Amino acid sequence: MSGQMTGARMVVQALKDQGVDTVFGYPGGAVLPIYDEIFQQNDIRHILVRHEQGAVHMAEGYARSTGKPGVVLVTSGPGATNAVTGLTDALMDSIPLVVLTGQVPTFMIGTDGFQEADTVGITRPCTKHNWLVKDTDRLAETIHQAFHVATQGRPGPVLIDIPKDVQFATGTYTAPKAARTVHYQPKVKGDLGLITELVELMEKAERPILYTGGGVINSGPGASQLLRELADATGFPVTSTLMGLGAYPASGKNWIGMLGMHGLYEANLAMHGCDLMINLGARFDDRITGRIADFSPRSKKAHV
């Protein structure tokens, strides 16, 4: 579908073309044109929340359980600032989200207008990428780019700030296939030299350990299956962070329990005394390491 349409209509069309079936949101003045378009159709279900933070957390739950990016629609100013907690959480946990925020009309940006906030500035530290769309002709392409960035490589949240006059104005719709996404092509194939080096270390290791995390879960059921096959093939003991529990079953013969501040003595001791630590999808965070200088000081560490 292409041709001339309003910015608000483009938003709904772009979401449909991206396969979106559910949007979590809370209406406000700066997004009413988009809400009017949502009301005119039945393909996308809108779930009304009581608070914008709740909308983003619900979208995270949707993304975790379906594997599709969660979509959020909130208004300008207080709507956008309320979404920050959920965005930060999604960035920390690598959850794909597309958050659409309303903004005051372009001619009012920078005038301290009613419910105006520097949304792209505020959300820059807690998104993978964000956009302020000032031209209706570029709106559809930007939404397609946002879905690409949110889902490719290490997933994460993105945000599009859409001024109210851009929603009212008419422009040309860009289909997903025509959208430029080549500028973001993250590397997904491992470095063969480093992999070979790790295999050599695995062959020589006397006290190896597989340190697994939420990244294994987030990568889909195939990743958990590969982890189980790797553990069975090598006989290496497996431990996990809280976010990675279940990727390797607790009933498995290689399981030594959860590690870290709230984990088992045995798992922490095994980590401390290992000679090769293979970190799959975890982030060496302080709940696991404690004092960095004293964390498994004599081991070689590989991080995937």
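Colleague: Which residue meets Lys 68 in a salt bridge through its side chain?

Modeller: This is a predicted model, where local features need pLDDT of at least 70, side-chain atom pairs count only at pLDDT 80 or more, and totals for chains, interfaces and linings use all residues. Residues are numbered from 1 along each chain as its sequence is written, and side-chain values use heavy atoms, with hydrogens and water left out. A salt bridge is a side-chain nitrogen of Lys or Arg within 4 Å of a carboxyl oxygen of Asp or Glu. At 3.1 Å, N to O, the partner of Lys 68 is Asp 21.

Colleague: How many residues apart are Lys 68 and Asp 21?

Modeller: Helices (H or I, at least four residues) and strands (E, at least two) are DSSP runs, numbered from the N terminus. Lys 68 sits in the loop between helix H3 (52-66) and strand S4 (70-74), and Asp 21 in the loop between helix H1 (7-17) and strand S2 (22-25). The pair therefore links distant parts of the chain, with a separation in residues of 47.

Colleague: Asp 232 and Lys 253 also form a salt bridge. Is Lys 253 buried or exposed?

Modeller: Asp 232 lies in helix H11 (residues 221-234) and Lys 253 in the loop between strand S10 (238-240) and strand S11 (255-258), so the pair ties together parts 21 residues apart in sequence. Buried means under 20% relative accessible area, exposed over 50%, and partly exposed in between (1.4 Å probe, protein chains only). Asp 232, at 49%, counts as partly exposed, while Lys 253, at 70%, counts as exposed.

Colleague: Asn 254 is in that loop too. What is its relative accessibility?

Modeller: Contact means heavy atoms within 4.5 Å. Leaving aside neighbours within four places in sequence, Asn 254 is in contact with several residues, including Asp 232, Phe 236 and Tyr 248. Asn 254 counts as buried because its relative accessibility is 7%.

Colleague: How far apart are the end C-alpha atoms of helix H7?

Modeller: Helix H7 covers residues 139-151, which makes 13 residues. The expected span of a helix is 1.5 Å times one less than its number of residues, so H7 should span 18 Å. The model agrees with this, as the end C-alpha atoms are separated by 19 Å.

Colleague: How many residues of H7 are buried?

Modeller: Among the buried residues are Leu 139, Ile 143, Phe 147 and Val 149. H7 is largely enclosed by the rest of the structure, because of its 13 residues the number buried is 11.

Colleague: Which element gives the most to the lining of the second largest pocket?

Modeller: On a 1 Å grid over the protein atoms alone, a pocket is an open set of points where a 1.4 Å probe fits, with protein on both sides within 12 Å along at least five of seven lines; lining residues have an atom within 4 Å of a point. Among the residues lining this pocket are Trp 131, Arg 138, Thr 142 and His 183. Two elements give two or more residues to the lining, strand S6 (129-132) and H7. With 3 residues, the element giving the most is H7.

Colleague: How many charged residues does that lining have?

Modeller: Ala, Val, Leu, Ile, Met, Phe, Trp, Tyr, Cys and Pro count as nonpolar, Asp, Glu, Lys and Arg as charged, and the others, Gly among them, as polar. By class, the lining has 3 nonpolar and 3 polar residues, and its number of charged residues is 5.
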